[in-house]
Amino acid sequence: MVRRDRLRRMREWWVQVGLLAVPLLAAYLHIPPPQLSPALHSWKTSGKFFTYKGLRIFYQDSVGVVGSPEIVVLLHGFPTSSYDWYKIWEGLTLRFHRVIALDFLGFGFSDKPRPHQYSIFEQASIVEALLRHLGLQNRRVNLLSHDYGDIVAQELLYRYKQNRSGRLTIKSLCLSNGGIFPETHRPLLLQKLLKDGGVLSPILTRLMNFFVFSRGLTPVFGPYTRPSESELWDMWAGIRNNDGNLVIDSLLQYINQRKKFRRRWVGALASVTIPIHFIYGPLDPINPYPEFLELYRKTLPRSTVSILDDHISHYPQLEDPMGFLNAYMGFINSF
């Protein structure tokens, strides 16, 4: 009898826990995205949108040096947005006539459709569509990319190499801290879990919050150059905009695409004759030194490389904006 009463009380306790947990979980899953900081709000209001196949794509387009023909197009990384470039934006406008950046589909302020089969090929087509929208499809452009954007740049380079009509005419390419080689790329644990698209993916994306995000992202920065809490909130606000946390697993399919199309994308880098440069934060745990750099120099012997200070890691344009900008200007002024 005592044992039966104990079991009954335990069942009642679990029922009460469950009844309490359901509304708490429902409230948690419907936490609104954080409000934009004044700086991020200013970034959004100063930008524009264009439509690609019914989807709204956010972009920035600044006019810089008057009389210069030079155009630079910036391609951001995963999981952030075009706001990654804000620390070097003004410096770029002092050298280029047009400075252009976009939020890829599924990122930042752009639309984040679901379900959707996100692909590097589509992102490259969106970049081409943006340049057509701006009337710059026949102009030679300089590409500056980071992380995920490196892979998009590789696909654009492949199309340019094939001399396909309507494609970008690329004058130069500068990559930075991106996993252009699948064999030297070391994704984070959460990325590994999400990219496989298993039953855990929809659960993990819904349970993701600022704490999980910041704990996962902070280690890819150098120990002395980690973002402040307000900077992390800006990144998280960009992800949460349009429920972007729910498409992270779909976006991460680029890791699988990169393995599948390695020959196409690495081959494009190895075979073109335009100037190519790489800016490298050597403390990067995702593209570790020296394995990454050794393979890069072996595969692309004609490319030049800038190695930043040894405490700079995966986000060099945010961790060392002046060093990054000086390295890029040194490259762009060399031809």
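Colleague: Let's start with Tyr-296: is this residue buried or exposed?

Modeller: Keep in mind that we're looking at a predicted model. Buried means under 20% relative accessible area, and Tyr-296 comes out at 0%. So Tyr-296 counts as buried.

Colleague: Okay, and how are the rings of Phe-278 and Tyr-296 arranged: stacked, edge-to-face or tilted?

Modeller: Phe-278 is buried too, with a relative accessible area of 0%. The ring centres of Phe-278 and Tyr-296 are 4.9 Å apart, with the planes at 55°. Stacked needs under 30 degrees and edge-to-face over 60, so this pair is tilted.

Colleague: How many residues apart are Phe-278 and Tyr-296?

Modeller: Phe-278 sits in strand 7 (residues 276-280), while Tyr-296 belongs to helix 13 (residues 291-299). The pair links distant parts of the chain, and the separation is 18 residues.

Colleague: What is the angle between the planes of Phe-107 and Tyr-148?

Modeller: Both of these residues, Phe-107 and Tyr-148, are buried. Their rings make a tilted aromatic pair, 5.1 Å centre to centre. The angle between the planes is 55°.

Colleague: Which parts does the pair of Phe-107 and Tyr-148 tie together?

Modeller: The two residues are 41 apart in sequence. Tyr-148 is in helix 5 (residues 148-161), and Phe-107 is in a loop, so the pair ties that helix to the loop between strand 4 (98-102) and helix 4 (120-133).

Colleague: Last one: which ring does the charged end of Arg-56 sit over?

Modeller: A charge has to be within 6 Å of the ring centre to count. For Arg-56 the distance is 3.9 Å. The ring belongs to Phe-49.

Key. Residues numbered from 1 in each chain as written. Predicted model: local features only at pLDDT ≥ 70, side-chain atom pairs only at ≥ 80, totals over all residues. Heavy atoms only, no water. Phe/Tyr/Trp six-rings, centres within 6.5 Å; stacked < 30°, edge-to-face > 60°. Helix = DSSP H or I, 4+ residues; strand = E, 2+ residues; numbered from the N terminus. Buried < 20%, exposed > 50% of the residue type's maximum accessible area, 1.4 Å probe, protein only. Lys NZ or Arg CZ within 6 Å of the ring centre and 35° of its normal.
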